[in-house]
Amino acid sequence: MVVATEEMAVYCFDTLVAHYTGEQPPPPAFEDGNHALRDRRFPPIQSKELPTLECTVSILTDYEIAEGYLDWEVGKHGLIIEFTDPEYNIRRSATYLPEVAGHEGWTHAETIDSLMRKAGYQGTITESLRKKIKVTRYQSTLCTMHYGEYVAYLKKNRGAAPSISGVPAVNGFKPGH
């Protein structure tokens with residue numbers, strides 16, 4: 001099973017740093033290193049924000065078709081829902097990572113209802129409609145790294161911290177030293 005590792009979080013920061021320095025990031029120290037630098041849901045990260053960032057890598061595993069919309073555990077399972085919008089007869093889908101429902105304090109039904117809204121459904125949510133939803137549950141492994149930990153990792157493993165114009169020293173390390 002693939003698990004989230006420190007090297008994956010390092011690669012996320014490497015990609016951000018390369019974006020600001022105009023360099024190519026080093027190849028990832030793991031297989032299948034894919035990344036998304038631009039997520040249109042959020043404003044772009046500015047270089048001056050790097051010292052305040054933390055990166056969490058979530059590797060999704062153990063996909064299973066649930067027996068129904070209640071067949072999952074809050075805090076353990078992430079969800080993918082798929083259903084047909086009865087008003088427009090179109091397929092809709094959405095997902096939440098395992099930590100979302102617990103973080104929000106939602107029940108099973110509140111989580112499903114929120115996912116239906118996330119998928120774009122604007123109609124009335126009924127018990128009958130919930131029972132028609134296909135639910136795929138999954139688990140994940142996480143690795144979180146703060147930018148300061150990234151700088152310390154680079155100092156230890158590569159001999160130098162990143163040098164980015166406008167980014168202050170972190171944890172006593174001056175960029176480029």
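Biologist: Which elements do the buried residues of α3 pack against?

Modeller: The buried residues of α3 pack against β2 (78–85), β3 (90–96), α2 (98–104), α4 (127–131) and β4 (134–146). Contact here means heavy atoms within 4.5 Å, and buried means under 20% relative accessible area, with exposed over 50% and partly exposed in between (1.4 Å probe, protein chains only). Helices (H or I, at least four residues) and strands (E, at least two) are DSSP runs, numbered from the N terminus.

Biologist: Which residues of helix α3 are buried?

Modeller: In helix α3 (residues 108–118), they are T111, I112, D113, S114, L115 and M116. After α3 comes G120, with a positive phi near 100 degrees.

Biologist: What kind of model is this, and how are residues numbered?

Modeller: It is a predicted model, in which local features need pLDDT of at least 70 and side-chain atom pairs count only at pLDDT 80 or more, while totals for chains, interfaces and linings use all residues. Residues are numbered from 1 along each chain as its sequence is written, and side-chain values use heavy atoms, with hydrogens and water left out.

Biologist: What is the average pLDDT of the protein chain?

Modeller: The average is 88, and 89% of the residues score at least 70; pLDDT is the predictor's confidence in each residue, from 0 to 100.

Biologist: Where does pLDDT stay under 50?

Modeller: That applies to residues 172–177, for which the model has 18 contacts beyond four places in sequence. Where pLDDT is low, the predicted coordinates should not be read in detail.

Biologist: Back to D113: which side chain does it meet in a salt bridge?

Modeller: D113 pairs with R130, at 2.8 Å from N to O. A salt bridge is a side-chain nitrogen of Lys or Arg within 4 Å of a carboxyl oxygen of Asp or Glu. D113 lies in helix α3 and R130 in helix α4, so the pair ties together parts that are 17 residues apart in sequence.

Biologist: Is R130 buried or exposed?

Modeller: R130 is buried, at 13% relative accessible area, and D113 counts as buried at 19%. R130 also meets E127 in a salt bridge of 3.0 Å, N to O; both lie in helix α4, 3 residues apart, about one turn of the helix. E127 is partly exposed, with a relative accessible area of 35%.

Biologist: How many salt bridges are there by this rule?

Modeller: The count comes to 8. One of them joins D14 and R158, with the closest N and O atoms 2.8 Å apart. That pair links distant parts of the chain, D14 being in helix α1 and R158 in helix α5, 144 residues apart. D14 is buried at 5% relative accessible area, whereas R158 is partly exposed at 44%.

Biologist: Changing topic, how many aromatic pairs does the structure hold?

Modeller: It holds 6. Rings of Phe, Tyr and Trp (its six-membered ring) pair if their centres lie within 6.5 Å; planes under 30 degrees apart count as stacked, over 60 as edge-to-face and the rest as tilted. Among the pairs is F13 with Y147, edge-to-face, at 5.5 Å centre to centre and 65 degrees between the planes. Y147 and Y150 form a tilted pair, at 5.7 Å and 40 degrees.

Biologist: Which residues do ring pairs link into a cluster?

Modeller: F13, Y147 and Y150. Y147 is buried at 2% relative accessibility, and Y150 is buried at 1%.
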